[in-house]
Each structure stands twice: as structure tokens, then as C-alpha cells.
Amino acid sequence: MIPPQFDYYAPRSIDEAVSLLQRFDGEAKVLAGGHSLIPLMKLRLAQPQVLVDINRIPNLAYIREEGTHLKIGATTRTNDLLESDLLRRSYPIFTDAAQEIADPLVRNLGTVGGNVCHGDPGNDLPACMLALGAEMMVVGPKGPRTISASDFYKDTFVTAVEANEILIEVRIPKSRPQQGTAYQKIEKRIGDFAMAGAAVCVVLNSAGRIESAGIGLTGVGPTAIRAVNAANSLVGELPDEVHVANAGRLAEEAAQPTGDLRGPIEYKRAMAGVLTRRVLNRALSRAKGGA
Amino acid sequence: MAAAARPVSPAASLTSAGGTLVHVRVTVNGQPVVAEVEPRTLLVHFLREVLGLTGTHIGCDTTNCGACTVHLDGKPVKSCTVLAVQTDGRDVRTVEGLEVGGKLSPIQEAFVECHGLQCGFCTPGMMMTATALLARNPNPTEDEVRDAIRGNLCRCTGYVNIVKAIQLAGQKMQTTAAGAGGKP
Amino acid sequence: MSVGAPHVQGGIGQSIRRKEDARFIRGKGNYIDDVKMPGMLYLDITRSPYAHAKITAIRTERALKVPGVLAVITGKDLEAAGLAWMPTLMSDKQMVLPTDTVMYQAQEVAAVVADSRYAAADGAAAVEVDYEPLPVVTNPFKALEPGAPVIRTDRKEQSNHIWHWETGDKAGTDQLLTSSPVRVAQDLYIPRIHVSSMETCGCVAHLDSISGRFTIYMTTQAPHAIRTVLALVAGLPEQNIRVISPDIGGGFGGKVPVYPGYVLAAVAAIKTGHPVKWIEDRSENLQADSFARDYHIHAEVGATSDGKVTALKVKTLADHGYTDAAANPSKFPAGLFHIITGSYPFSKAFVEVDAAYTNKPPGGIAYRCSFRVTEAVYTIERMMDILAHRLKIDPAELRLKNFIPPEAFPYASALGWTYDSGNYAGALQKAMQIIDYAGLRREQAEKRRRGELMGIGISSFTEIVGAGPSSTFDILGIKMFDAAEVRIHPTGKVLARFGTKSQGQGHETTYAQILAEELGIPADDIRVEEGDTDTAPYGLGTYASRSTPTAGAAASMAARKIRDKAQKIAAHLLEVSPDDIEWKDYAFRVKGVPTKSKTMQEVAFAAYTNHPQGMEAGLEAVDYYDPPNMTYPFGSYICVVDIDKETGQVKVRRFVAVDDCGTIINPMIVDGQIHGGLTMGFAPALLEEIQYDENGNVRGGSFVDYLLPTAVETPRWETAKTVTPSPHHPIGAKGVGESATVGAPPAIVNAIVDALQPYGVEHIDIPVHPWKVWQILHAAESKAK
């Protein structure tokens with residue numbers, strides 16, 4: 001219940017934050033929403049000597065389309081995703097996902113950045129990043145760099161963000177006409193970690209065939225999983241039941257679940273398939289202009 | 001109204017000898033206070049032990065139960081997972097701040113009228129969440145109410161009367177607002 | 001209510017607002033962690049990561065070096081004072097701190113006392129303990145096999161078998177079962193769950209060395225019992241012990257046992273001379289404090305070929321953890337499990353229970369269960385549905401055919417209980433009408449044709465509460481009466497104190513309502529107090545729905561004693577003989593001349609200013625009520641579920657609860673109890689479970705994994721009532737706090753099994769996780785291919 005002692009800094013710029021991380025090299029942790037980190041510290045499972053609070057850094061929370069991308073700042077609160085009309089209209093995958101995350105109180109402080117780079121396979125946004133083909137912008141002692149979502153998730157609680165780097169923005173290719181996105185998970189109780197979840201992005205061409213597809217899976221592997229074969233199986237095809245079912249089957253094959261309190265292996269694997277089908281159908285319906 | 005900030009000495013119950021302290025200036029229920037606290041001091045402990053505002057409760061240690069819900073700059077948050085130092089320069093409201101001049105808020109009245117509490121332990125947090133909900137959605141459906149309070153666990157009531165109380169409070173507030181607006 | 005009808009503000013049957021709410025809604029409750037005393041210290045506890053291990057060393061140097069830490073207490077320190085072990089409420093022994101062996105994961109191993117909460121936590125983290133793991137026993141069946149590692153090496157029996165208990169006619173039951181044309185048998189497992197009231201346990205203990213007064217603020221549902229136990233165990237003079245149970249944030253049975261933390265705080269208070277506060281974290285509460293259930297049941301029901309029940313035989317293995325620290329009445333180690341014949345007239349029945357030690361925390365009955373009645377009702381209501389399924393009789397029809405009829409009461413069950421009153425068919429028929437049972441069955445038939453899964457489940461439970469008559473009930477030898485002390489002041493206001501202790505049940509309001517009704521004084525003028533052993537009359541506390549049946553009755557009886565005396569004062573004031581006075585329409589009236597009257601308030605004033613000569617002044621009474629019998633609330637619940645065939649997820653579409661708790665004191669409060677109780681029945685059916693792996697590691701030891709229902713999945717409960725008063729209770733009330741927790745789980749499971757009937761399913765153990773359903777559906781699908 002009580003964290004161990006630590007020192008605290010609240011820098012006012014990214015550069016200051018990065019140099020603090022570098023100064024304390026490995027002994028410091030970034031504090032954004034704090035709703036993954038502080039609980040770990042209260043249980044004394046994480047004992048950083050220094051916390052670098054990035055909440056005072058201006059211009060780090062935004063949701064906007066700019067040029068060819070949708071850009072979301074790292075300290076954007078998860079509830080801001082839910083409130084955004086832009087996202088509801090053009091990227092409803094975020095509205096779906098935000099609604100599923102934890103509870104409204106946690107979402108008032110929990111950040112997009114935190115949910116993206118904490119590395120818990122139970123987090124909901126990573127699968128969305130994979131489905132959308134997102135890019136993560138990080139800044140470190142060596143300056144800024146871009147990491148694509150498909151290279152981002154390495155292992156449970158391990159991402160491509162290196163020591164002393166900070167995630168500052170996620171970038172998603174701007175929504176195209178006839179694009180549909182969706183997310184859903186099933187859980188034992190609302191706000192709990194997923195038994196399985198699926199994120200889907202599809203784009204239809206003028207002939208009504210699937211031009212591109214991205215599928216991400218939550219909760220069925222050591223990290224969020226990019227169901228590559230399932231997505232590829234859809235490209236060029238008509239969005240019919242046969243192809244949806246096939247994609248579901250391939251998603252099952254991509255899943256690598258562990259049996260635990262949230263379900264045995266074969267159940268989670270089967271649910272990866274069920275959710276892929278359901279979410280794919282939802283995304284297709286949206287691509288066609290429906291809900 | 002610029003009020004002089006009240007300096008508070010952190011209760012002995014929170015400070016370990018030898019830790020570095022951080023200066024915090026925060027407005028609590030409209031009153032500015034200043035204090036020197038250990039960075040690890042949880043906001044809920046700061047409120048309860050340093051400021052003596054024991055209406056905010058602790059029901060778990062994993063950020064699940066919501067008994068500790070307070071408003072931070074108007075938004076309901078779990079004060080067990082916020083560091084007191086993070087509230088520097090900000091505005092915090094607790095259950096003690098719901099009543100004004102001894103007059104209960106519509107939410108408080110509705111909870112009594114509808115039997116929305118039994119042991120009372122989850123109630124402050126529940127009312128803080130409800131107050132924030134009604135501020136942005138004065139006429140929530142039952143589904144919307146239940147979703148808004150899903151981060152506040154109750155073991156006694158089964159939620160039925162809590163939902164009733166929140167919807168009743170919303171109606172009362174609208175009636176008052178309409179009346180105050182002098183609508184015919 | 002017609003104009004002019006006699007009326008007292010807040011009398012029985014009125015849904016008046018609760019008096020206790022005034023402080024809670026302002027955040028001005030006085031819960032244990034709100035208690036602050038000058039110079040108060042803090043206690044935190046170092047706990048074992050192992051389920052079974054020898055302690056080879058405890059090093060306290062690092063802990064003692066933590067700034068603010070004043071002392072570390074270990075088992076060796078307690079052993080020197082004869083306090084390392086203490087008795088449990090079931091006359092077993094439990095450790096306060098181990099001297100050589102830990103027996104469950106999260107067991108208390110050392111206590112740290114510090115001048116701040118944060119320093120105490122640092123200190124507890126700094127105590128170093130070396131362990132040598134021992135073989136772990138988690139399966140109670142294996143615990144009883146020959147050669148199983150003995151957990152309680154301190155007992156002369158050198159066995160993991162704690163006790164065997166049985167009741168009923170074994171030979172007769174076997175015979176009747178054998179001769180019954182229909183026999184159904186089923187294994188049922190009810191897993192361990194944890195009550196998880198929103199407030200955890202804790203205390204503030206203080207010994208004033210000058211006055212010798214020992215005061216302990218404590219989360220306890222039974223303050224007087226605690227005081228007496230402290231006197232006996234700690235050797236403190238009982239008149240100098242004060243137990244104060246202030247506001248309690250939910251009890252449900254979890255705040256009845258004496259946890260090591262309380263004793264450690266008391267020891268630390270005595271040792272340091274300062275007040276010491278101990279408050280446990282939620283994880284400690286879930287992992288170490290009293291659990292509930294963990295019954296492995298085998299049940300067999302006999303019936304005629306047209307479905308009339310004949311005999312019931314039940315064999316149970318009870319997993320008690322490392323010691324028997326359940327809080328049952330002493331003659332009933334399996335609680336009131338033998339209510340298990342339920343609402344049905346079994347002519348023969350036999351129940352046996354064996355208890356086993358395992359490397360888990362102790363407990364057994366802390367979750368709103370009326371002393372194992374949840375386990376009993378779950379069993380019988382599941383068996384009735386299994387019987388209905390086997391005979392292809394509608395489950396409502398089977399119940400209606402079998403119910404003990406109203407004219408059979410008082411009804412003597414085959415297992416020795418005398419049910420006071422009941423109208424089982426009335427409750428079920430009402431529930432069926434409200435939910436349109438026939439319509440639902442038609443809808444189900446249609447859905448089945450389309451391959452959709454919908455289920456309807458019934459539970460027609462009989463509860464047994466109000467412990468209990470002194471002939472059969474005691475806890476550690478203390479009889480289970482309860483008490484009310486009522487005093488009327490000169491200005492006609494009332495102060496009443498009780499031996500029970502509300503943890504949210506609203507006694508400050510409901511007892512005032514009973515007294516209002518009996519005394520003709522508005523409930524607003526009546527103040528009710530509980531929980532301070534210095535002032536409250538002796539009682540056994542609040543749990544197992546006993547308060548209204550015992551202390552509520554005592555309130556009535558005390559009020560009637562007051563009325564007897566008041567009548568004489570009224571006669572004196574009205575200058576007639578007391579025989580010429582009657583208590584009518586809330587006043588003392590001259591018979592035949594009702595306008596010649598005196599109110600209780602007028603009498604009260606006279607009691608201090610103008611009492612008859614030869615009579616004592618004052619107007620008060622105490623009643624210690626020994627209930628002549630238990631009370632038997634009952635009800636019928638009907639649950640409708642829909643199952644998602646692809647995911648196995650179960651959704652409760654509707655749930656109608658018809659309850660009969662006899663006379664209803666405050667309808668709004670009664671409904672609140674039912675809503676809460678239903679939710680605590682829903683949760684074990686679908687969500688809650690504390691599991692252990694084979695090394696005794698707990699799974700589900702925090703709210704991250706132990707999932708309580710939120711407002712989103714909790715069904716929108718629909719409630720209704722029938723009223724069948726208890727013939728032996730002064731106001732006909734029966735108690736209601738736990739009925740819904742008892743009645744709900746089988747209704748839900750019956751609905752799920754009913755939905756899966758096309759798959760030939762007869763039973764699923766709780767909690768019914770989606771994958772349990774999915775596995776059934778998936779297996780059937782694969783088979784079909």
C-alpha cells in the first residue's frame with residue numbers, strides 16, 4: 001500500500017525530462033498517468049529511486065489530424081479519446097477501445113502513451129496500434145526517432161523504447177474513404193483485462209473489395225499480436241462471410257495464449273477467432289458507411 | 001478571492017525522518033494549503049492524515065475500488081493512485097466540499113432519500129463520481145449512470161438505489177436550474 | 001392512509017429515511033482508520049510467502065534501523081508471554097505469530113511498530129525471514145489420505161482430520177433411498193470466496209497505565225464477546241476493558257473472528273504504553289482473513305416416480321484451512337447446514353460433514369451465509385432441479401407439488417428443526433406471476449427451435465436465522481440471547497442501547513421504528529446506540545441475520561415492560577385504576593372513554609415529577625431476549641439467463657425476488673438488504689473465487705484478480721414480498737439480511753443448466769466462467785461434426 005521512498009522531479013520540457021532520465025540512468029521512471037506505475041510501486045514490485053513527472057510538459061496532449069497523419073500526444077488522457085468527435089467520426093477504434101479500458105476514473109489520468117508503451121499484453125491500445133499500422137515517436141539522449149508498431153512490442157513489459165527514451169506521440173495514417181476501424185474485447189468483468197480482444201482496420205476499394213487490412217490481438221500472447229496472415233488473407237477479397245471466417249481461423253493460429261485466471265489456452269485461442277470475426281464485421285460495416 | 005494559504009505540517013503519521021521533502025501548494029475544497037511532503041505521500045493519505053479530511057476512504061491497494069475518489073481540477077480520480085506532489089498548483093475537492101454553508105448538495109440529499117447507502121464506506125467516492133457525471137450529463141440514462149460508476153465498488157447496496165439516487169439528483173438539479181432561470 | 005387513522009411517525013412499516021445517513025453523506029463517519037489518539041503508533045505486519053515452511057531465522061536489525069521504527073514483535077516474544085497461540089471460537093487453536101512453522105501463505109510472521117504509517121510499512125518490508133519450505137497440503141481429500149503430511153503437529157491426534165459431525169437417521173435414510181423408485185445423486189463443489197467488505201479490518205488499542213483501562217476500537221460485529229474473550233485470554237479485568245465498535249464499513253461475517261492483527265496491536269499497546277493502530281491492506285484482507293464456503297458436497301435425493309421427495313442424504317468434506325476458526329455456535333461445527341431439507345417434506349434425511357486441515361487461511365463462514373445456510377440451500381435447490389430434469393417435470397411444478405404446505409407449520413423437519421411459519425407456494429406463485437413464467441417457457445421453446453440458449457432457474461429457499469435459543473446455541477459457552485436497554489427521559493425522548501452492532505443494516509433507524517410503534521413516540525425522538533461495551537447491554541452481536549429476531553424482539557419486550565409501568569402512571573394521572581386503562585392508538589386511554597387519555601410523553605414527564613407513591617421513579621427497562629426458536633424467512637427467486645453461444649458468456653436478463661421476512665419494519669431498508677444480498681449471491685455464481693495452486697500460492701489475492709461486481713454487470717433486481725409473520729416473535733419479524741445471498745446462487749445456476757439442457761448438462765460448478773460453458777458447447781459441436 002505504501003511505496004518506498006523516491007526522489008521526484010517535474011521537468012517543464014522534453015529535453016529536461018530526457019536529461020533527467022540520462023542522469024539517473026536506469027534508476028528513474030517516467031510518471032505520466034501513473035495508473036500502471038504507482039500501483040506497482042505501492043505493492044513494491046517496482047522500486048525506482050527517481051520519478052520524472054512529465055505531466056507539466058506543455059503541448060504533449062493533443063488529438064489532431066495534420067498532413068497525412070492523425071497525431072495523438074503521449075499525455076493525452078484516455079478519456080479524451082472517448083470525448084473526441086474527430087475520433088468518433090473517423091477513427092472509432094479509439095472510441096471503442098477507450099470505452100473498454102479500466103474505468104472512467106482511471107481514464108481521467110491514464111494516458112495514451114502509458115497504455116501504448118507499458119507493454120502489458122492486457123492493455124488495449126497496443127492491438128489498435130498494430131491494426132492501424134501506427135508509428136511511435138520517441139525522444140532520447142540521441143534525439144528523436146520513429147518506431148513502427150510492428151517493431152514496437154518485444155516481450156511482456158518490454159518494448160522498443162530504450163532506456164532514457166520517452167514516447168511523445170503516436171502517429172496513425174490519416175483515415176481514408178471507405179475505411180472502417182473497430183475494437184472489442186471480452187472480459188470476465190467490465191474493466192478487467194481481456195480474455196481476448198481484437199482490433200481491426202480495413203479499407204475497401206471502389207469495387208467493394210478489401211484493399212488493405214490490419215488486425216491486432218489483445219490478451220492472447222506475451223505481447224499484443226499482429227495477426228499478419230489473417231490480415232493478408234483479406235487483401236483483394238470480397239468482404240463476405242467466407243473470408244471473414246477464414247481470417248478468424250488464421251487469427252486463432254496467430255494467437256499464443258497462456259492459460260490463467262482469465263481462461264484456459266483453447267478458450268482464449270477460440271475467442272481470438274470469435275472476436276476477430278465480430279470486430280472485422282463491425283469494421284466492414286463502418287467502412288461501408290454504417291455503424 | 002485570494003485567500004491566504006494555510007500552512008500545514010504533515011502529520012507525524014506520514015513523514016519518515018530523513019526523506020527529502022517537496023513543497024506543495026494545493027487548493028482543497030476552496031482553501032489553499034501549503035505543505036512539505038515526501039514525494040511518495042499518496043494524495044489520499046495527505047487528505048486524511050495531514051488535512052484531517054477523513055471522508056475520503058481507502059478500500060483497496062490496487063486502484064480498483066474507488067472509495068478514494070476525489071475531484072482533481074473538476075475530474076473524478078482515485079486519490080490512492082495520485083501523489084500529493086502531483087497536485088501542486090491544482091484544485092482538489094472532497095466529499096467534505098459537497099455541502100455549501102451547511103446545505104447538502106442535491107446528490108447528498110438524493111442518496112438519503114433513495115437509501116443509496118448502507119455502511120457508508122463507498123458513499124463519499126460514489127457521490128464524487130456522481131457529482132462529476134451530473135455536471136457534464138445532467139440527465140443520464142440508467143446505462144450511463146451504471147457505466148459512470150463502474151470504478152466505484154459497493155458491497156452493500158447492489159447499486160439499485162445508488163442509480164436511483166443519481167438520477168433523482170439530476171432531475172432535482174434541472175428543476176432547480178429551471179426554477180432559478182425563472183422559466184414559466 | 002386515511003385522515004385521522006392512528007399514526008406514529010416512523011412506526012413499523014414506514015419507509016422513513018435513515019438516521020445514520022446524516023454523518024455518512026457528509027464524510028463524517030467514524031470508521032476505525034478515522035480514529036486518532038494522541039501519541040498513536042502504527043503496526044504493520046510481515047507475512048509469509050510460503051504456504052508451509054519452517055522458519056529458520058528472523059532478523060530484525062534492518063527493520064529496527066528504519067527511522068521511526070520502535071519495535072519488532074516475533075513469535076518468540078509472544079511465546080514468552082504465553083500468547084503465541086490463542087483459542088479460536090470453535091475451541092481449536094490459532095497462532096498469533098508462529099514460533100517455528102508457518103501454515104498458510106500470507107500468514108503473519110512478525111509485527112513492526114513505528115511512529116508513522118509509512119515507517120511501519122518500511123519496517124515490515126525490512127524484516128528478514130529465512131524459510132525452509134515444507135510439503136504443502138491444499139487438497140482436503142489428499143489431506144485425509146494415509147501418509148499425508150501432518151499440518152498441525154501441535155495436536156495429539158497427529159492428523160489432518162479435525163472432526164466428524166452427523167445428524168439424522170442414517171439407517172432409515174439409506175433404507176428409504178434404496179426403496180425409492182427414483183434416485184438422483186450429484187457432486188457439488190462450492191469454492192472458497194471472500195467477503196471483501198469495502199472497509200478492511202483494523203483496530204486502535206490503548207492501555208491507560210494509570211487507570212488500568214484497556215480500550216480497543218475494533219472492526220467487530222460482536223463487541224461484548226470480544227471483551228469477554230480478551231478478559232479470559234489476556235487476563236485483563238473485564239470491568240477495565242472497553243471495546244468500541246464505531247462505524248463499520250460492512251461486516252458480512254468477516255469482522256467476527258479475532259485476527260492476529262488485533263492481538264498484536266493490543267500487545268504493542270501494552271508494551272509501548274501508547275495507542276497502537278493496525279489497519280490491514282486489501283491484499284492482506286483477501287489473503288489472510290476469514291474466507292467462506294469451500295465445501296465438497298455429495299448429495300443424493302430419493303423420490304417417487306411422480307416426483308414426490310422421500311429421502312435426502314448428504315456427505316460433505318469441509319476445507320477449513322490450517323485451523324478451525326469458523327465462528328459457528330459451538331454445538332454446530334458445520335453451522336446450520338442441516339437446514340438442507342429446505343422447503344420440502346423429506347421424511348428421512350441424514351447429513352454428515354468431515355472437516356480437514358489444509359495449508360490455507362482459516363475461516364469458513366464469513367460471507368453473509370447464516371452459518372452454512374448458503375451451502376445447504378445451494379445443494380437442495382440444485383438437487384430439486386436435477387430431479388426435475390431427470391423426471392422431465394417442470395421445476396416450478398415439481399416444487400409446488402412438494403412444498404411443505406402452510407397448514408403444516410410449525411413444521412418439524414427430519415433433521416430436527418421446527419420451522420415457525422411459511423407459505424412457500426404463495427411466494428413461488430407470486431414470482432411466477434410477476435415474471436410471466438408461462439410466457440418465458442413459451443419463449444424458451446421457440447428459442448430452442450432456433451438453437452438459441454435461454455434458461456430459467458428457480459430457487460425456493462428456506463432460511464434459518466435468529467441464533468438462538470439458549471437450549472441449543474452458544475458461542476464459546478456464552479448463550480446467544482440479545483438485549484435492549486430503553487430509557488425514556490422526562491421530556492418524552494428515548495435513548496436505547498443494544499447488544500448488536502450494525503455494519504450498514506440501519507439499526508439506528510429500524511430499532512427506533514420498533515420502539516416508536518411500541519411506545520407511541522416518534523422515531524425522530526428515539527436515539528439508538530450500539531457498539532460501546534461500556535454502555536450497551538450484553539449481546540452477541542450482528543451476523544447470521546440475528547439482530548431483528550433477537551435484539552429487535554428485546555426492543556419490543558423492553559418497551560412492553562415500560563408500557564406496563566407507564567400504564568400504572570397513566571392510571572395515577574387519570575385517577576382511575578390501572579385495570580381501567582388500555583393502550584390503544586398509541587396512548588393510554590380509559591376503557592370506554594378514549595378521549596380521556598395520556599400520551600407516553602405525558603407519562604414520561606410524570607415518571608420524574610409525579611410518580612405514584614410506592615413506585616420507583618424513572619421510566620426504563622432492560623430485556624435480555626432468549627428466542628424460543630429460530631425464525632425461518634423464505635422466498636422464491638426466478639432468474640432468466642441468455643447465453644452467447646460463441647463465447648459462453650452468461651447474461652442475467654431478469655431476476656425476480658419474492659421474499660418473505662415476516663413483518664417488514666422499513667420496506668426501503670428491507671429492499672436495500674435484498675439488493676445487496678442478491679448481488680452477493682450473483683458474484684459467487686459467476687465471478688468470485690479464491691484458488692490455490694498446488695504450492696499453496698493464492699490466486700485471486702487482490703482486487704485485480706478477485707473480481708467484485710460493478711454496477712455494469714450487476715442485474716437490475718426486481719423485488720416483491722409476501723408477509724407471513726413469525727408466530728413466536730413479538731412483532732412477527734424474521735430477519736432478512738442474508739436471505740438473498742442464500743437464495744440467489746442456485747437460481748442463477750439452475751437457469752444456466754436449464755439453458756444448456758439441450759446438451760444434456762446436469763450440473764456446472766460455480767463460478768460459471770464463460771469458458772466452462774464454452775467447453776460444453778464446443779465439445780458438443782465437435783462431437784456433432
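User: Into which domains is chain B divided?

Analyst: This is a predicted model, in which local features need pLDDT of at least 70, side-chain atom pairs count only at pLDDT 80 or more, and totals for chains, interfaces and linings use all residues; side-chain values use heavy atoms, with hydrogens and water left out. Residues are numbered from 1 along each chain as its sequence is written, while chains are lettered from A and ligands numbered from 1 in the order in which they are written. Domain bounds come from an automatic or database domain assignment. For chain B the division is into domain 1 (6-96) and domain 2 (106-179).

User: How many residues of domain 1 of chain B are in contact with domain 2 of chain B?

Analyst: The centres of the two domains of chain B, taken over C-alpha atoms, are separated by 24 Å. Contact means heavy atoms within 4.5 Å. On the side of domain 2 of chain B 13 residues take part, and on the side of domain 1 the number is 17.

User: Which relative direction do H5(A) and H8(A) have?

Analyst: Helices (H or I, at least four residues) and strands (E, at least two) are DSSP runs, numbered from the N terminus. Axes are lines fitted to C-alpha atoms, for helices over the stretch in contact, and angles run from 0 to 180 degrees between N-to-C directions. H5 (residues 92-100) and H8 (residues 125-132) of chain A pack at about 165°, with axes 10 Å apart. Angles under 35 degrees count as roughly parallel, over 145 as roughly antiparallel, 65 to 115 as roughly perpendicular and the rest as oblique, so H5(A) and H8(A) are roughly antiparallel.

User: How many nonpolar residues does the contact of H5(A) with H8(A) have?

Analyst: From H5(A), Ile93(A), Phe94(A) and Ala97(A) meet Leu125(A), Cys128(A), Met129(A) and Leu132(A) of H8(A). Ala, Val, Leu, Ile, Met, Phe, Trp, Tyr, Cys and Pro count as nonpolar, Asp, Glu, Lys and Arg as charged, and the others, Gly among them, as polar. The contact has no polar residues, no charged ones, and a nonpolar count of seven.

User: Which relative direction do H10(C) and H18(C) have?

Analyst: H10 (residues 373-391) and H18 (residues 739-755) of chain C have axes 8 Å apart and an angle of about 30°. H10(C) and H18(C) are therefore roughly parallel.

User: What is the phi of Tyr586(C)?

Analyst: Most residues other than glycine have a negative phi, and most peptide bonds are trans. Tyr586(C), in the loop between S28 and S29 of chain C, is not a glycine, yet has a positive phi of about 60°.

User: What is omega for the cis peptide bond between Ile766(C) and Pro767(C)?

Analyst: Pro767(C) is in the loop between H18 and H19 (770-784) of chain C. The cis bond joining Ile766(C) to Pro767(C) has an omega of about -10°.
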